[in-house]
Amino acid sequence: MEAAGQLARNGCMVTLVEKEPEAGGHVKNWYHLFPDRRDSSEVIKYLEKQVDHNNITMLTGTSVAGMKKDNGEFIVRTGGGNEIKADAIIVSTGFDLFKSERKEEYGYGIYDNVITSADLEEMFRKGEIKRHNGDTPAKIGIVHCVGSRDEKVGNLYCSKLCCITAVKQAMEIKEHLENANVFCFYMDMRMGGALYEELYRESQEKYRINYIRGKVSEVSENINDKLVVKVEDTLAGRPLKMELDMLVLMAGMEMSKGGEKIAGLWGLKTGENRFFAPADHHFGSNRSNVKGLFYAGTCTAPMNITDTISHARAAASDVMDYLRNGNN
Amino acid sequence: MEKFGFAISKGRQIDYDANDRSVAEFIFEREPSFRLCIECGCCASTCTTGNFTKFSLREINILLKRGENEQVRKNINKCMLCGKCILVCPRGVNTRNVIVLAKQAFQKQGNYAI
Amino acid sequence: MENYYKLLTQDIRFEEGLNACMNCGVCTAICPAAEFYNYDPRQIVDTVQSGDNEEIEKLLKSETIWYCGECMSCKTRCPRNNTPALIIMSLRSLSQKLGFFTESEKGRQQFAIKRTVGENIFKYGYCVATYAVNPEMHREQGPIWDYILDNTKDVYERLGGKIDELGAGPLRKIPEDAKEELRKIFEVTGGTEFFNNIEKHSKKKAAEMGLQFSNEGIDNEYFIEIFTANNKSHTC
Amino acid sequence: MKTEGKKKIWSDYQKEIADDHFFYVRSCIRQSFFPGSEQFFLNFMRNDLGKDVYENPSHTTCTGIGYHGDIVPLATIMTVVARHFALMKESGYKNIAISCVTSFGIYTEILETWKHFPEELEKTREYLFKATGREFDIPENMAHASDIIYKFRNEIAAKAKNLLINKKTGGPLNVVEHIGCHYSKMFPKYGVGGAEFPNVLGGMIDAWGGNVVDYPERRHCCGFGFRQYLVQANRGYSLSNTVKKFSSMKPFKPDMVLTNCPGCNMFMDKWQYTIKEMDGTVFGENGESIPILTYEELAGLVMGYNPWDLGLQYHMVQSEPLLKKLGIEYDPDNKYKTKDGRQMPIPQNLINA
């Protein structure tokens, strides 16, 4: 949406194809954003303003199928059989949230009080954090790296956002439930964004969040309907067992199914992490293996909203350079 | 118990829910900076005692937070309270005071550090 | 000093077991040994991964490599597809090859396993069988084992057993030619040499410890000592 | 708890199990301590289902306990297993049925090793030929004997004389299933239902009317630990792990434990005696201990076999409390009789007796 706005304002005619009924991706499912806890709707409003331009045609609820390049011109066929002609394409198919059921040992989809970060956002939005039986949880665990940094599920990479999401959500839990005890189980605290480390510190100082360094090994349910987690407290060098009322899994980011489909249909290269492989990691992160086709955002790697918007602007800039000067 | 030549052992798993964290709470109240520790180990690496014995201030911090008080009680007096650890802490934790307060808490429990 | 890391890499279980550890502790969290011994598989993997020769030598002579129960639960969970138990198995093999195993109380026990399970394989063609093991060494099994031994023929006959008979059936007598093939397999694959090496180093250790040793059986001071000794340093 | 989640996982781990013509390899521990179990399997397969199951008298131990006791080198055990494959080839079989979970784990480890390191397979061929003059093929299908009972669980249910229902209350029995670490923890794909929620025993319990108990230490090791049990000085490890496991299942009031692995069956049975002797703790209700049954024994009971022909009387923990719950009529006088009906001595100091 950001790239579309930039291009439209620079005189390009843009067609934005979105398979969902509304554009905006995962942001619209989130309640508050890190690091400043802004309401996600503000970002959506901003983005909607970007695409509110006469040069932009929005095709929502539209998927794309085939693509061919004829004499330097792209012809994209939509799922409905229509054709869209374009001089350049930006692919911004985004990411899918990791399906937490795949980490079988955490029991998502089996144990009622194991939820994901997305489920928790939903609870925040409703303003109510409740266990499955309607009780208010007093002890809540948060598991980092679910589906990230994990060869077992085929994802070697770090999803970058889950650590900071965990910190943010831990603090929000405390805002809803002042007396709750919150425990983050992490392998490394990857606070590599502006104001992230500060938020982490605040979560310790003001919110009294507990941090335990160790990857949760398994989750089970005991006779009292509590979850039991097993982890090594690696900094004490001893195994640790804890009962919890609720466990939140920080689901990682994966290449979207839609992106995978397009990669196959259009012959776009993907990396070992299955995301689209940019032409160059240093100075060509928006360029692809097809001349005139560019990438924007999390279809190339996990990134946060700030980076995604910057990446979209960079994609627009690459498109302009390509259209005006033939550079690619 | 030893009728068979072996016995049932207690295990070394930290049973978080069974542990008593009142010592940690006592310290948190009086020295809030204790919450800021990120377990980087700077204190332990500069610690004179730690360089000559098995004492680890970093580990003491974690054990206090988990309520593994017995292990702390048995080791804490190795600290000479020189305070060098405070100088290196990147989070500004008053590590020396943590030790002082832990000793006080033990004393209050009538369970002196040994 | 030999390069122990290099020697370890010659064991395919080591190659399979160690990729790159990130010290997450997922193995230790569910390790049955980590709970009842002063044991942390994560730390062992980290030490081995460091390649520090002196530290690896210490491990090879240590008690700690003998604590694992080889349940392999660590393999299921490791996010880096390591298998700490396979690393342990390769350390144990190397420790025995180099004769380091007699340096630790738990390591010395390899002699007891060789003299019991190891000998059973050649003698009976089974690792264990009710009659191949003296229940005196297994009082925790309760009185039923003695009962089965006292009434062996009747017990097995009712349950379809072929005790001491040739031909198919539970606890049948394994034919001599099959046992001979087993022995040849051990000979050809280095199994016999491995056994002899355990014997050689154990004999040496027995002399060092001033304990009576015999070249066969379990009725000697050294066997009894290592089978039962517990210096209580293994648990907290 | 949502069972749909488990069903999804089970559907991801559907292993292929052959239908007929099995080459059967026995387990050292199962044939020693639970010979009636192995015989039930063979009788059931051959007589009830009319299947062809062949046992070659020349097969031996796989040396697995020695391998996991770290006295048998990998090259040696690979060649011993290869010898079994050779016997299988010579007898004209392609499907192997394994009675022991330790063996099963060994077989899976070896097959996977040969896949990753083909040169090891070649070396093994050379070793075996040099030692015995034999040659072998890799089995087309490999199953643990419990996989096969799982496959035919509905046939057993159809012929059931006793379902896993408490005759008095009419409710299902609470059954703890214990899978045994080496069944699928190393290679989840080889196990029915994978490693985290294996369904090989759960499927049987389900089909036969019982209720599967999920408790926190469900996946924990029985405590065997090979050298940790084989050497007396180490048995505290083995025992302590068993205590941990039983303490975790106790609040769920299990009526019985169903095991996959003969070793687990032995330890969970015998350690209850030891623990009771040590400090008086029992883990069942009414001061009783929990009967531990092999899957063959349970299948036998379901099909109406005489419990004493299955060998239940040779456990430390006696199963009468379970038989009563199931409403199975048994003849106490027949319990310690020989095959031809002669009275044997009555063993003393058994549990639940």
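A crossover counts as right-handed if, when the strands point away from the viewer, the path from the first strand over the helix to the second runs clockwise. Helices (H or I, at least four residues) and strands (E, at least two) are DSSP runs, numbered from the N terminus. The model is predicted: local features need pLDDT of at least 70, side-chain atom pairs count only at pLDDT 80 or more, and totals for chains, interfaces and linings use all residues. Residues are numbered from 1 along each chain as its sequence is written.

**The β-α-β unit**
- β1(A), helix α2 (residues 40-50) of chain A and β2(A) form a right-handed β-α-β unit.
- Strand β2 covers residues 56-59 of chain A and pairs with β1(A) in the parallel sense over 4 bridges; two strands pair if DSSP finds at least two bridges between them.
- Within β2(A), Ile56(A) is the bridge partner of Val14(A).
- Strand β1 (residues 14-17) of chain A has Val14(A) and Leu16(A) on its covered face, with Thr15(A) and Val17(A) on the uncovered one.

- Strands of a sheet pair through backbone hydrogen bonds, either parallel or antiparallel.
- In chain A, 3 strands form an open sheet in the order β3-β4-β5, with antiparallel pairing.
- Its edge strands are β3 (64-70) and β5 (83-86) of chain A, each of which pairs on one side only.
- β3(A) is joined by 5 bridges to strand β4 (residues 73-78) of chain A.
- In β4(A), Thr78(A) is the bridge partner of Val64(A).

Key:
Chains lettered and ligands numbered in written order. Heavy atoms only, no water. Buried < 20%, exposed > 50% of the residue type's maximum accessible area, 1.4 Å probe, protein only.
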